[in-house]
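Hi there,

Here is the structure I promised to pass on. My notes on it follow below; have a look at the model and then read on.

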Amino acid sequence: MARGRGRRRRGGRRGARRRAGWRRRVALRAGVLALLALAAWVAWLDLRIRTEFEGRRWELPASVYARPLELYEGAAVGREAVLGELRRLGYRPVPGAPRPGTYALEGARLRIHTRRFRFWDGEEPPRRVTVRFAGGRVAGLAPAGGGALALLRLEPALIGKFYPRHREDRVLVRLEQVPRLLVDALVAVEDRGFWRHHGVDPRAIARALWADIRAGALVQGGSTLTQQLVKNFFLGSERTLRRKATEAVMALLLELHYSKEEILEAYLNEVYLGQDGPRAIHGFGLASRFYFGRPLEELDLPRIALLVGLVKGPSYYDPRRHPRRARERRDLVLRLLAERGVVGRAEAARAARAPLGVVPRPPALAEYPAFMDLVRRQLAREYREEDLRSQGLRIFTTLDPLVQAAAERALARGIAALERARGLPRGSLQGAVVVLDAGTGEALAVVGGRDPRYAGFDRALDARRPVGSLVKPAVYLAALAHPERWTLATLVEDEPLEVPLDDGGVWAPRNHDERFRGPVPLYRALAESLNVPTARVGLAVGVPAVVDVLRRLGVRRTLRPYPALLLGAVSLTPLEAAGAYLTLATGGFRTPVRATRAVLTAEGEPLSRYPLETEAVLDPRIVFLVDHALQRVVREGTARGLARYLPVERLGIAGKTGTTDELRDSWFAGFAGNRLAVVWLGRDDNAPVGLSGAAGALQVWGRLMAGLLPTLTPFAPVEPEGIEWAHIDPATGLRADGGCAGSVELPFVAGSAPAERAPCAGTPGPLRWLRRIFD
Amino acid sequence: MAAPHLRLTAVPAAFPLLAALAAAGCATAPPAPVVEPGGAPVEEASAPSRPSPEGAAPAPRGPVLALLDEARAAERAGDLEGAAASVERALRIAPRDAVLWHRLARIRLAQGRWRQAESLARRSLALAPRARALAARNWRLIARARRARGDAAGAREAERRAAALEGATG
């Protein structure tokens, strides 16, 4: 330091010259540095723009769809059901059904103009079809323009979404899909110079500045659409000069790299247009559905004007909360469009007379929490939670909204009626329902509690409760597999039974009515759900054999082979119970319960399919016998009460009641030809509810099936080879004939029907006559 | 108490499609040459005329036939999973149609999914145990699936059953 100072003092003029040069050099260097810094900054912004915009993939929620409704001649779908489906899909009545998404009621006929939809197996084009109905069924399809159509598949209803964590929701649209009018209106209102400027519009800024000066405040922004996009994409919402500069540079860069069309498309999908609770509504595609319940393609001028007006302030102009403001804004937009030549004046005036056209706020897409739970769990085997929430997957499920509605109604009303009739504390009783397609194992409805919208504890999937007598068919399947020893006619002692246990205790099962009946035929022991005979049979065939049958039926839990298992000390969820009974309904074919049919990518490419699978696990003859006995449960046994709700005889309903100790759990599992349902009732705290299976769950089951009655087919199992039928005298279990009062006809594994004749049988006619007198 | 009704309904009545296919075979283009080494196309199977169960509307034919056409087209294009999807769609409409289960079994066999092929064929058998021609085809299919899996004895047994049925058919 000291030395330097000395040199300077010595330096004189030369020193001054040098100082000036030094300053110049510093200035130069600083300038160069500043330029370099600027260049680096711009390069960095450029890099960000290119990488982030290029690789920009919105985190898209997965869309979950119900089953599509299929219409064909003979389909058990009435006109009301189809209308309900169309309303669910946001179709609207327009005479002649001129456009996709419209329908027209023409007397008894229904004309539908369907929307294009991409399914797993390809695209369904828009079709215009007249549907005829007769007797609650589809009587015929007639496509417009003649020809024949065997099958019409409507688009499936959207039933839910798996949202990204930030809860941004959008429905991506391609620019070609967006009505030209919307694009023109947006440009006219938000950024008149869009097609000419390079990202920043100096004229717009000047105009805005002039307006601000005249008003003495910030009243107008000169932001281009590109700048707005940059702001939403890359920058926060703070309003500093620096941020403005960054925004301008990035807007210029964006325009340098990308076409106007690409920028516009990104804008249309990015822009924030509303709020639905925690869900943020982004993009015009979703906004159209959110406000108007229809796709963007189907919007008319007043609706387009409203959406374009919303860009300025979605919450301030919220048409649901502030309809007056929204209307003023819309009409201002319409005047602007007329002024700027986008639409004619008359057209704009006409549009300004139209109502807002906003639909009531759609249900929050959380209508089916229990079913969505099942879908999520089944998909979790193959998909990461992260991907389900961000990849925009399209998930096609098996949910039938009509069956689901019937199940929800039956459970809510059934529970309320039971609480009233039995004097139970209101709100104490809970329940769950699972409905399956009895042929394919598709889950049609899942209700997780009496309040089906409540997304809390899902009892259908998570309430593991002892099944009680629901387990009995497994005991009889195990026994009847030995036809030389047991048939449906075999007499079993209904006498007190005591079984010493390993732990020194004694197991002494009793019947629900505390009575003993002496010898009863096996089929009746099942029909009347008698515990003691069932325990005897189960002990004789061996508990491990029963466990083996349960496994074959599809029960996957660890089962401990204790005697109490024979009477239902097995805890299952309603869903698991349904899966096991499905194997009975299919005649011995285990069929996995499926809630998902297929998953597609956001672009509509097939990703995975969940095929129908089946496996022969039980001798069809034995299942046939047990199914017959289960039909007797309904016709003459513990489930007789179902006749109050249904023509059980015609429908051949098979089912089983289940009750647990101290009446804590009330179960019913049963099936018609095409539908299987399991109902559980009980309390969350596991306290007794005072309801047997017949008094409780059966009532809900009956209501449910009565609601589905027009769609039910009879359970009429195909008789396997190797079955014979015989009339039996139930008192003796021996062969009967016309001389035996109260004889029953039962199926047997061929060769196992009793040969010996009952005392009432075999006597010649006249003598029989006499005999009856003396008896 | 007698149960004549139940017995009646226990009679197989699950394949209106067999008759429909036989009829359709004349009216429309010849069946696609989906070669099933087990024999001729199954569509030629003859249907025993049994009453349909009381109260059950017969399964609709039109949509099922249309979907089978779709399945055939997909199969020809080499899209076996697409074909399976179409058959499953038909099964939702007519779940008791033994021909449809057999059709699905054939697709699984072509995909080399031997166990599923056998199970599906068994389900077809269970739905129409007395339709001999179809039953024979199902046993042939099971024989192939078993052989492919290395179960030679099981395959021979299945072939024996197929032959017995074919002999009886004449």
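In helix H17(A), the residues A:Lys472, A:Pro473, A:Ala474, A:Val475, A:Tyr476, A:Leu477, A:Ala478, A:Ala479 and A:Leu480 are buried (20 or more other C-beta atoms within 10 Å of the residue's own, with C-beta atoms placed from the backbone; exposed is 12 or fewer, partly exposed in between). Since that is nine of the nine residues of H17 (residues 472-480), the helix is largely enclosed by the rest of the structure. Helices (H or I, at least four residues) and strands (E, at least two) are DSSP runs, numbered from the N terminus.

Before going further, please note that this is a predicted model: local features need pLDDT of at least 70, side-chain atom pairs count only at pLDDT 80 or more, and totals for chains, interfaces and linings use all residues. Residues are numbered from 1 along each chain as its sequence is written, while chains are lettered from A and ligands numbered from 1 in the order in which they are written.

Among the elements that cover the buried residues of H17(A) are helix H22 (620-636) and E28 of chain A. Strand E28 (residues 654-659) is itself mostly covered, with six of its six residues buried. Six bridges join E28(A) to the antiparallel strand E29 (residues 665-671) of chain A; strands pair if DSSP finds at least two bridges between them. A:Lys656 has A:Ala669 as its bridge partner in E29(A). Five residues lie between the strands of this hairpin, where A:Glu662 takes a positive phi near 60°.

Chain B has eight helices and zero strands, and 50% of its 170 residues are buried.

Best wishes

Note on methods
Contact = placed C-beta atoms within 7 Å.
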